[in-house]
Amino acid sequence: MPQPSTIHGLVGPLERGLAVLRTLARAPGGRMQAGELARATGLARSPVDRIATTLAHLGYLREEDRELVLAPPLLALGTAYLRSSGVPAALDPIAARLADELDESVSVAVPDGDAVRFVVQHTRRRALTVSFRVGDALPADRCAPGLLFAAEWPDERYAARRPGTPEEFPALPPPRGPRLGDAEFRALAADAAARGWSQDDGLIEPGLVAVAVPVRDPEGRTVCALSAVSHTSRHSVQDLRRHALEPLRRTAARMTDALAALGLPATPPAPMADPTAKAKQDLGPEYLQSLARGLTVLTALGGAPGGMTLSDVAQATGLARATARRSLLALEQLGYAAGDNGLFSPLPRVLDLGYPLLSGLSLGEVAQPHLADLVRQVRESASVAVLDGPDVRYVGRVAASRIMSVTITLGTRFPAHVTSMGRVLLAGLPRTERTRWLASADLRPLTGLTLTDPAALGHVLDQVEQDGYAFVDQELEEGLRSVAVPVHGADGTVVAAVNVSLHAGRTSEAEARDTVLPALRATATRITADWSAMDGARPVTPV
């Protein structure tokens with residue numbers, strides 16, 4: 001057993017690093033200047049800079065316009081909890097079917113200390129809709145799931161519960177009335193336990209109503225809560241209860257069965273070398289190795305549903321057993337992991353580290369900082385687009401500041417066959433889909449250079465697939481050239497394309513290949529890495 005002083009030496013850097021991540025996660029856009037971050041956390045500037053250097057090396061944050069910004073690879077921490085718990089993978093499809101049946105928003109929440117945290121969310125798109133995200137938390141006394149969890153609390157926890165400030169719970173609307181007193185909260189929780197369901201009639205905010213039921217493990221313990229949420233413009237709480245309670249109960253029973261079937265043997269982790277050793281050697285004292293090791297261990301805990309042994313963690317991280325154990329004990333002490341019968345698992349609090357913010361980013365938002373870097377390098381406009389039927393649709397763009405530039409707005413659509421991004425996206429389709437697309441496409445000319453022969457276009461797409469890029473010369477508009485490369489998802493499929501638009505009078509095809517294409521490919525690689533992290537943040541199938 002490590003000595004307390006040894007554990008404390010690890011807890012300090014890890015605690016400060018986690019505080020920096022939590023503070024950034026609650027800042028608008030997940031970004032702050034280093035000085036602001038130091039003031040918000042109460043840390044001196046020097047440790048903030050060292051923490052930022054370490055987190056940047058891990059890929060968890062970046063510097064943009066002199067601000068520190070959370071980056072999509074940070075999602076690995078929250079994903080570790082979601083994968084380890086097994087709850088989203090098992091229950092998400094069941095919750096989706098219930099949302100369709102009820103035509104109302106449906107959530108699954110788990111207890112997180114004195115709070116509840118959402119791990120599954122299916123929202124109906126309406127003018128008045130629920131805006132909670134996976135990873136968001138609410139105080140137990142401000143929501144229907146919290147009443148179900150509080151029914152199992154010991155007496156002393158009612159008085160010790162957190163007050164639910166906006167700093168602690170960014171998703172929490174400001175209260176319109178006094179906080180529930182201990183006696184009232186206890187009575188509501190007792191009623192929920194006796195009935196086997198709970199309701200929220202304006203606890204979160206006026207107009208919002210919800211009904212929740214417990215989902216139990218095979219031993220009968222409440223492990224999560226399933227709730228249907230609506231607005232009084234559609235249902236009173238009594239109407240919602242009549243509409244949803246029985247479907248909620250039937251669905252909760254199916255969820256209990258799904259959780260009972262989770263106990264699959266874990267695949268032993270592949271052995272690896274300690275990833276922090278070289279970084280410490282390269283960066284020296286600016287790199288906080290204990291912080292990096294703690295976060296590496298936390299990420300590794302997502303490798304097996306139900307928890308990992310100390311030996312598994314050591315093997316998965318490349319750390320010595322003693323080092324891995326110190327990290328695990330530090331994470332336990334800080335409330336981010338728990339050990340039970342020799343198995344260690346991450347806790348829901350991990351989702352507080354930027355998961356709600358980052359998991360909701362669109363492809364365009366993920367690509368935006370990378371497009372901006374590319375534009376600074378090549379001094380030409382850059383875009384990212386997806387295939388939408390016969391067209392490409394622009395989802396991200398950064399325009400270059402030039403006297404003559406290509407003006408395109410988000411949402412703009414162009415025929416796929418005349419654009420470099422369209423050809424990259426078509427080349428990325430499975431062969432049968434590509435053949436069907438070519439057979440039905442309207443290959444009308446937009447300029448005298450537009451390729452309109454399906455067979456010839458098919459040969460061009462074969463070449464694009466082989467080369468990994470497309471160059472289009474004035475087929476969309478005279479004087480406009482462009483070069484594009486693919487962006488891949490976590491499974492390797494082409495999900496988008498990124499391009500640079502060029503004026504024909506400024507850049508030849510050879511110059512584009514030599515000067516623009518390498519930078520464009522590097523940008524696509526970075527966007528692919530971030531978007532693959534986003535794919536991993538939506539665990540809908542078991543590990």
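Reply: T54 is buried, as its relative accessible area is 0% (buried means under 20%, exposed over 50% and partly exposed in between, with a 1.4 Å probe and protein chains only). The model is predicted, so local features need pLDDT of at least 70 and side-chain atom pairs pLDDT 80 or more, whereas totals for chains, interfaces and linings use all residues. Residues are numbered from 1 along each chain as its sequence is written, and side-chain values use heavy atoms, without hydrogens or water.

T54 belongs to helix 3, residues 45-58 (helices, H or I of at least four residues, and strands, E of at least two, are DSSP runs numbered from the N terminus). Leaving aside residues up to four places away in sequence, T54 touches E286, Y287, L288, L291 and A292 (contact means heavy atoms within 4.5 Å).

Elsewhere, three strands form an open sheet in the order 1-3-2, with antiparallel pairing (two strands pair if DSSP finds at least two bridges between them). Its edges are strand 1 (31-32) and strand 2 (61-64), each of which pairs on one side only. Strand 1 is joined to strand 3 (residues 67-70) by two bridges in the antiparallel sense, and R31 stands opposite V69 of strand 3.

Helix 17 (residues 431-440) also packs against helix 18 (residues 454-467). The contact involves R431, R434, W437 and L438 of helix 17, together with P454, L457, G458, L461, D462 and E465 of helix 18.

Technical notes. Axes are lines fitted to C-alpha atoms, for helices over the stretch in contact, and angles run from 0 to 180 degrees between N-to-C directions.
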